[in-house]
Amino acid sequence: MTVLCYHHKGGVGKSTTAVHVALTLLDDGSVLVIDGDTQAHSCAFFGVPPAAAEDGPVAVPAAGALWVAHAENSRLRRLPKQVGADHVVVDLSADFERMARVATTLPPDLVLLCTKPHTGALRDLPAVVNALVRETTAEVRVVPIGVDPAEIDAALAAFPAGSYVVADPVSYVPDEAERSFEERRPVWDFPTCTALRAEYDALTDP
Ligand SMILES: Nc1ncnc2c1ncn2[C@@H]1O[C@H](COP(=O)(O)OP(=O)(O)O)[C@@H](O)[C@H]1O
Ligand SMILES: [Mg+2]
């Protein structure tokens, strides 16, 4: 499956969610993480220098059957085939046009709309859901990171039922999260990673 982590705000947990989803999907096959942000936080998490991953996927044996690529939109399409990845996780920058191009080039099965307590993250959800519904046929799943799911539903009250789904909330753990990228270890209680695992087990069930 192809999973796109997106919000048009920065700092809402896109990269954090992307690396956790990638680690979770590893239980169900090989995974390519495409880091589509100049900040290259997903590359950093897996210890891959972004420059090294510009030319194509770089294997991360310590993580398992996982590769990381740091890629511009035009080259996205061939990357999963290069390594024969079962799953692709795309960590996007906060940019509508880029999201639209990526969604066309590598159509996702699922969009994770990560929403941390953050100025504007909730307020802008309707605009983002609108854009996603326009640009992709994928399920739009809002991931509440330390946000009450009821707040998500309130922010999206104008949307018809079924236009989005709210995932089980995951915890907001500031100190752990800060160290997570530096120390290259998961922040949510992986390998249990309960909430995310429950979500993705269900999705990858044949
Ligand atoms: N569950 C969490 N709890 C606390 N802080 C978090 C959590 N997830 C992410 N963060 C922090 O929020 C900041 C932005 O997260 P990041 O995943 O890099 O967002 P984005 O990719 O959307 O810019 C980082 O400093 C990260 O450590
Ligand atoms: Mg990021």
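A residue is near a molecule if its C-beta atom, placed from the backbone, lies within 6 Å of it, and 17 residues surround ligand 1 in this sense. This is a predicted model, in which local features need pLDDT of at least 70 and side-chain atom pairs count only at pLDDT 80 or more, while totals for chains, interfaces and linings use all residues. Residues are numbered from 1 along each chain as its sequence is written, and chains are lettered from A and ligands numbered from 1 in the order in which they are written.

**Around ligand 1**
- Two helices, α1 (14-25) and α7 (174-183), each supply at least two residues of the shell around ligand 1, helices being DSSP runs of H or I with at least four residues, numbered from the N terminus.

**Overall form**
- The protein holds eight helices and eight strands, a strand being a DSSP run of E with at least two residues.
- Along its principal axes, the C-alpha trace of the protein spans about 45 × 35 × 35 Å.

- Ala-22 touches Val-31, Val-33, Leu-66 and Val-89, leaving aside residues up to four places away in sequence, where contact requires C-beta atoms, placed from the backbone, within 7 Å.
- Among contacts between residues at least 6 apart in sequence, 74% join residues at least 24 apart.

Terms used:
Two residues are in contact if their C-beta atoms, placed from the backbone, lie within 7 Å.
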